[in-house]
Every structure is written in structure tokens, then in C-alpha cells.
Amino acid sequence: MATKKRKVDSECRAFNDEWTWKYFFTVVKDKPVCLICNEAVAVFKEYNISRHFTSKHKNSNYEAMSEYERKQNVESLCKKLSGRQNFFKRVNTIQEAATHASYIVAYNIAKNNKALSDGEFVKQCMLQVCDVLCPDKKNNFQIVSLSRKTVTSRIEVIDKNLTSQLESKIGQYKFCSIAMDESTDINDTAQLVLFIRGVDENFEITEELACMRSLKGTTKGCDIFREFQEGLLTLKVPITNICNITFDGAPNMTGKKNWISWTL
């Protein structure tokens, strides 16, 4: 008959507070950690903890200390450990804030159609203002990454996030409308712009610029509707479930939106 191995986790061992001053151990993230060398022991077992202390710190001054001296030193070591932990937490918080700040700048650059390299100019202005208003905080502004590469990456992430949110909303629409309009870019290339408006089961209305597609070649009605259909596929609109379609007049390119509506 095969014997069943006992799992350490099933023993529900707990850390004994007495081990702190006897062996200079404390608990960090559910693991016993030595206050002297910061090494962790696998399990909450006195044998493992005491073995670590005797093998690693046998000839140290800590072994010869009295109980009172050990408790005094433990208090000092715990304060040092807490200081290191708070430092790393503070560093992580500052880094997270710097990343958040770079997203804010990248978003505004994209929203206002500015050059991607403008992020470096913005950072230069931030640092100069910081020198005047809060020079002691300059290091916090210095770590905000606003290089062209970073701004490009941030905008791509924002774009994917907004697209994901829009796709999620489209999946909840009970009634949907698409508007077509024509525009041109700086190279005078015709662009088909699609706007989407939808109503969900709570009668909340959402209207967003959904996508923009280049019209290569001619801009005849057949070209426009071909791009329109491909745009619907890009938006993942469930056109297979259309039960009623109403065309709001013939499409014109005078700047007025032509809404094509259906219920799903």
C-alpha cells in the first residue's frame, strides 16, 4: 500500500512571535525572512528557522546576546527593513505616476494633432518650470519619458484601449446607426469617415468617430459603399442580424452626415 506524502501547506503552520527575538526572523509576504541577511526560509518550521540562524550566524555577535539585547536589536533591524520596504513602495509609486503623466501628455498630443516629437519639447518646458516653482521635485519630472518613441507607443496603447471600449459598447447596442462623410488628409487623399451611434438596453446613447478609410482611386457611390461595408467589418458590427434597414437619403459629400440605421 503506497504511503501518502504529507504536504507542508496542509499542516497550517503559523509563525511564532518568539522566533523573532530568538532567531532574528520576521514575516514578509507570508514567508519567514531573516532580519540579519534577508534570506527567506521555505516553511514556518522552527527547525528550519533555527538551523538557518545557527549555520549562517553562529559566530556573529547576535548569538552571544542576551534576550534583552536581542529584542533591542530586533526592533532596530525591523525599523531598517520597514524603511527599505517603504523606499521601494515610494519608488514604485513615483514611477507609476511618471508613467501616468507620460500617457496624459501623449493623449493631448494625439488629441490636438501635434507632432510626436513635441513630447520632448513639453518635457523641456516642464523641467524649466520645475526649476522655478519646485526645484526639489525636479527628479520626479526628470523620469517622465516623453521621447518620440515613447509617445508613439503610448498613443498606440490608448488607441487600442479606446477601440476595445467601443467594440464592447457596440456589442451591447440594440439599435445602431452609421453616418458616412468624406474628408481629405494633408496629402489631398479622399478619406471616408464613419461615425457610429447606438442605443443599448438602458437607452444610453453613444456617438463616436468609429474609423477612417482611404478612398483610393475614384469616389463613386460604389467605391464609397464598398469601403462602408469593409468599415462595418472592421467595427465588428453584427450586420448578419439586421432585420430592418432605412437609408436616410442618398449619400452626399457636402459635409452633412447621412445616417444608415438598423435594429439588431
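Asp 131 counts as partly exposed, at 41% relative accessibility. In this predicted model, Asp 131 forms a salt bridge with Lys 138, and the closest N and O atoms are 3.2 Å apart. Lys 138 is also partly exposed, with a relative accessible area of 28%.

Side chains of opposite charge can pair when their charged atoms come close. With a salt bridge taken as a side-chain nitrogen of Lys or Arg within 4 Å of a carboxyl oxygen of Asp or Glu, the count comes to three. The pairs are listed below.

| Salt bridge | Closest N and O atoms |
|---|---|
| Glu 75 and Lys 79 | 3.9 Å |
| Asp 131 and Lys 138 | 3.2 Å |
| Arg 197 and Glu 207 | 3.1 Å |

The salt bridge between Arg 197 and Glu 207 has its closest N and O atoms 3.1 Å apart. Arg 197 belongs to strand E4 (residues 190-200) and Glu 207 to strand E5 (residues 205-214), so the pair ties together parts that are ten residues apart in sequence. Arg 197 has a relative accessible area of 30% and is therefore partly exposed. Glu 207 counts as partly exposed as well, at 37% relative accessibility.

Glu 75 is partly exposed, at 44% relative accessibility, whereas Lys 79 counts as exposed, at 58%.

Helix H3 also holds Arg 70. Arg 70 counts as buried because its relative accessibility is 12%, and buried means under 20%. Leaving aside neighbours within four places in sequence, Arg 70 is in contact with Trp 21, Lys 22, Phe 24, Phe 53, Tyr 62, Glu 63 and Met 65. One of these residues, Lys 22, is 48 residues from Arg 70 in sequence, while the two C-alpha atoms are 7.4 Å apart in space.

Not counting residues up to four places away in sequence, Lys 123 touches Phe 141, Gln 142, Val 144 and Leu 146.

Notes
Residues numbered from 1 in each chain as written. Predicted model: local features only at pLDDT ≥ 70, side-chain atom pairs only at ≥ 80, totals over all residues. Heavy atoms only, no water. Contact = heavy atoms within 4.5 Å. Buried < 20%, exposed > 50% of the residue type's maximum accessible area, 1.4 Å probe, protein only. Helix = DSSP H or I, 4+ residues; strand = E, 2+ residues; numbered from the N terminus.
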